Amino acid sequence: MIPIYRPYLTKENLQYAHEALDSTWISSKGKYIGAAQEKLQEILGVKHVLLTNNGTSALHLVSRVIHRLYPGKRGLITGNNHYVAAWNAWEYESHFRLSTVDADSETWNMDLESLPEDHWATVISVVHNLGNIVDVPALKLKYPKAIIVEDACEAFGGLYGLRYAGTESFASALSFYGNKNITAGEGGAFLTNSDEAFNLVKRMWGQGQSSQRFIHSELGFNYRMTNIQAAILYGQLKDFPEIFERKQAIWVRYREQLKDWVEYQKWEMGTQHSLWMFGIRVPGGEYGIAEKFFKRQGVEIRPMFYPITKHGHYKKIRGVMKVAEDLSRECIILPSYPELTNKDQDYVIDTVKKYVEYI
Ligand SMILES: Cc1ncc(COP(=O)(O)O)c(C=O)c1O
């Protein structure tokens, strides 16, 4: 079976993890925490980076800090077809009134044209679906009174203009889960350019500890990353240019060879996709049929994220879901891991063509 994803773990990039284990610094202290944090800061050009145990906790810190710093802003607007954590992080705070707009049939991100009029009470959470980058600087100009944050968990390496995704909003979250462009096994990062947000988040991230050890000034969490995770991440960051280059080659081959057969996610002008996952849309297709078809051919695929109302705890959400439903029926996510060979990719491409002919 050709898998949907496989992390790029080499002997060279894992050497730091082995060293971290040998050093016995296996919890959340150790030299790789600072090293990975600095490297990430240097690559992204963002003022503050805080490593977390996963992307969900980084995103919870985003919602928590908005709740604390802007208590009057309770309306939370986001897309309706994301990975579930992108909504959950806001629900954890029981403060925000979550509402969604339908997806855009071309970008597969939230339809920016149907965002409501600017309003003082609004937070907009941008999710870069599959790594397709929303032009956040343009959105900031259009909605100057809204607080804009990013769930950049799928967006590491993507750009708006010359800036990396996740660096231009008030705060954002990255994920380093095993299937992400760079991984720490599990892991994440909170990013912000705001000193105030960073200082608050840093306290909440580490059990709300005050300057006096074991005296806690507020309710906090344990969202720390371990030194072992940070060491894996450090190795991955060093290999990031190579990982990205490999993914670029895969993207070019897919786009070139499937252009007359299927549709792709459209990129916003002036943005660069993070190349996390390669999705295709087959008009008239049916995901359930596709999954069985590809499985018989030995190719693992996955669906596009389902509309929010498919999930038990979000059935109450109202709003138009039409495009999100169409996308989850017709889209297929194909294998795109950095070590995918040309031979295996050619096989996947042939299987797509056979599927298109089949339906
Ligand atoms: C859009 C989005 N948000 C949040 C998350 C949560 O990240 P994690 O799995 O690291 O907790 C993910 C992860 O997979 C994601 O794709």
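The model is predicted, and local features are described where pLDDT is at least 70, side-chain atom pairs count only at pLDDT 80 or more, and totals for chains, interfaces and linings use all residues. Residues are numbered from 1 along each chain as its sequence is written, while side-chain values use heavy atoms, with hydrogens and water left out.

**The ligand**

Select the ligand together with the residues around it, which are N54, G55, T56, Y83, A85, V127, D151, C153, E154, S175, K180 and G187; a residue belongs to this set if one of its heavy atoms lies within 4 Å of the ligand. From D151, a polar side-chain atom lies 2.6 Å from a nitrogen atom of the ligand, and from S175, a polar side-chain atom lies 2.7 Å from an oxygen atom of the ligand. The protein covers 93% of the 390 Å² of accessible area that the ligand has on its own, with areas taken from the Shrake-Rupley method with a 1.4 Å probe. At G55 it is a backbone N or O atom that lies 2.8 Å from an oxygen atom of the ligand.

N88 is buried, with a relative accessible area of 14%, where buried means under 20%, exposed over 50% and partly exposed in between (1.4 Å probe, protein chains only). The side chain of N88 makes a polar contact with the side chain of Y314 at 2.7 Å, a polar contact being a pair of N or O atoms within 3.5 Å, of which, within protein, one must be able to donate a hydrogen and the other to accept it, and residues adjacent in sequence count only if both atoms are side-chain atoms.

Select S94 in the loop between helix 4 and strand 3 (97-101), where the residue has a positive phi of about 40° although it is not a glycine. S94 counts as exposed at 67% relative accessibility. Then go to W108, in the loop between strand 3 and strand 4 (122-127), which is not a glycine either but has a positive phi of about 70°; W108 is buried, with a relative accessible area of 1%.

**Aromatic pairs**

Show the aromatic side chains, among which 17 pairs are counted; rings of Phe, Tyr and Trp (its six-membered ring) pair if their centres lie within 6.5 Å, and planes under 30 degrees apart count as stacked, over 60 as edge-to-face and the rest as tilted. Y16 and Y234 are an edge-to-face pair because their ring planes stand at 85°, with the centres 5.0 Å apart. This pair links distant parts of the chain, with Y16 in helix 1 (residues 11-22) and Y234 in helix 7 (residues 227-258), 218 residues apart. Y16 counts as buried at 15% relative accessibility, and Y234 is buried at 17%. Select also W251, Y254, Y264 and F278, which form one aromatic cluster.

**Salt bridges**

Side chains of opposite charge can pair when their charged atoms come close. The structure holds 16 salt bridges, each defined as a side-chain nitrogen of Lys or Arg within 4 Å of a carboxyl oxygen of Asp or Glu. Select E218 and R68, whose closest N and O atoms are 2.7 Å apart in a salt bridge. The two lie 150 residues apart, E218 in the loop between helix 6 (195-205) and helix 7, and R68 in helix 3 (residues 55-69). E218 counts as buried at 17% relative accessibility, whereas R68 is partly exposed at 39%.

Along helix 7, R246 and E242 are 4 residues apart and therefore separated by about one helical turn; their salt bridge has its closest N and O atoms 3.5 Å apart. The side chains of R253 and D346 also meet in a salt bridge (3.0 Å, N to O), and this pair joins helix 7 to helix 10 across 93 residues. D346 counts as partly exposed at 29% relative accessibility.

**A last stop**

Finish with V262, in the loop between helix 7 and strand 10 (271-272), which counts as buried at 8% relative accessibility. V262 and V356 are 94 residues apart in sequence and 8.1 Å apart in space, C-alpha to C-alpha.
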